[in-house]
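Work through the exercises below with the sequence and the model side by side. Each task is followed by a solution that goes step by step.

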Amino acid sequence: MAHANEKEIDTRTEEEKAIDAWLPITSDRNAKWWYSTFHNVTAMVGAGVLSLPYAMSEMGWGPGITVMLLSWAITFYTIWQMVEMHEMVPGKRFDRYHELGQHAFGEKLGLWIVVPQQIVVDVSSCIIYMVTGGKSLKKFHETVCPDCQPIKLTYFIIIFSSVHFVLSHLPNFNSISLVSLAAAVMSLTYSTVAWACSIGRGIEGREVSYELRGEKTSDNVFMFLSALGDVAFAYAGHNVVLEIQATIPSTSEKPSKDPMWKGVWVAYLIVAVCYLPVAFIGYWAFGNVVEDNILLSLEKPMWIIAAANLFVVVHVIGSYQVFAMPMFDMIETYAVKSMRLKPSTLLRFSVRTTFVAFTLFVGMTIPFFGGLMGFFGGFALAPTSYYLPCIIWLIIVKPKRFGFSWFMNWFCIIVGILLTVLSPIGGLWTLIKQAKNYRFYQ
């Protein structure tokens, strides 16, 4: 397989080189392999991990374990595909997801297939993280000061957003590496707190029911579909994989896929350590009465729960930045290449401040936006993580028909399409229920 050697083959004009040196994805290619580890962990382990016990309670033991393990295996396979395809064309690096899509589907069709999905994933994830950060700050406040006067969730979302009005002006992925590292460490920490405290709750010997949550069969069906979307949301971090790999140096002798793959291996081990114990032990301890955020079910020890909520805040700060960076790159690329605006600090400041303000506004206006995790998990994150890489692989690599690779890809495509079609139905059902029950003075 051929690889790009940037020093030997570079057909860009001086203007294109200057623009690439300014844009956030391509401006710095000096990342180490471990950068990809914590960027991928930060991108994947986010708001979804704490809802996994709840998803298990909507599916039950058998289907829940199957869906969790199958999702891990499928997304591990598809992220390997994306790492491999980053430099499949000699002299070319597909630094962005839509560039790979354009190579597979054509210049215009590739944009229309990939870009709308990528925008939906990145923007919705940032809004969800904005709301999650605010909720975790609110929970921390209520835990450490239970007698204090209640404060609206809206104010906590504003407090959380203030960090991003500063961090969002860091220029590229490598500049947020410390933020991403802190987020990855926090994800492992609060996940450990969640399952360890659940063990303490479980060994108390209280009676636990593992019956499905719904009172009616129809409720159980919709809950199951919603749970599929929640799991898809939890496992979907592929939206930023190529953008992360773009920050790693590459030559024909040492292609970027080698350090990137090493980082992905470690990242997926961490994902398994975070996800599987939280999902299985949390459900074992609380059964069908577990909250949609496992930390809400853990009432004591109070200081650990308070600390865990702060850990969540630190982590979703990093997650927001990792998902926002491709959006910054996309908007800034359009501004300088299509609108012919001059690359400048003012342009970058305007773009990023406006984006943070937009996600803050939506988060404040629809504070139950997190209920859309199931919808967006199936509608947008499942395609970009579960089966779009497989479709591109079939087009570019052309594996032997009826061979193992051919069957593997079609299996992932079928599973992914089922997720895309079915889980948004349950996600919308969940959102409608939450919207009816939500009190805006909270």
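**Exercise 1: cysteines**

When a disulfide is taken as a pair of cysteine sulfur atoms within 2.5 Å, the count comes to one disulfide. The model is predicted, so local features need pLDDT of at least 70 and side-chain atom pairs count only at pLDDT 80 or more, while totals for chains, interfaces and linings use all residues. Residues are numbered from 1 along each chain as its sequence is written, and side-chain values use heavy atoms, with hydrogens and water left out.

Task: find which cysteines the disulfide joins, and determine its handedness.

Solution. The bond runs from Cys 145 to Cys 148, with an S to S distance of 1.5 Å. The torsion about this S-S bond is about 55°, and the disulfide is therefore right-handed.

Solution. Cys 390 itself is buried, at 0% relative accessibility.

**Exercise 2: aromatic rings**

Task: classify the pair formed by Trp 261 and Trp 265.

Solution. Rings of Phe, Tyr and Trp (its six-membered ring) pair if their centres lie within 6.5 Å, and planes under 30 degrees apart count as stacked, over 60 as edge-to-face and the rest as tilted. The structure holds 22 aromatic pairs. In the pair of Trp 261 and Trp 265, the ring centres are 6.0 Å apart and the planes stand at 65°, so the pair is edge-to-face. Both residues lie in helix α11 (residues 257-286), four residues apart, about one turn of the helix; helices here are DSSP runs (H or I, at least four residues), numbered from the N terminus. Trp 261 is partly exposed at 22%, and Trp 265 is partly exposed at 42%.

Task: classify the pair formed by Phe 402 and Phe 407.

Solution. Here the centres are 6.2 Å apart and the planes are at 45°, so the pair of Phe 402 and Phe 407 is tilted. Phe 402 is exposed, with a relative accessible area of 55%, whereas Phe 407 is partly exposed at 46%.

Notes
Buried means under 20% relative accessible area, exposed over 50%, partly exposed in between (1.4 Å probe, protein chains only). Helices (H or I, at least four residues) and strands (E, at least two) are DSSP runs, numbered from the N terminus.
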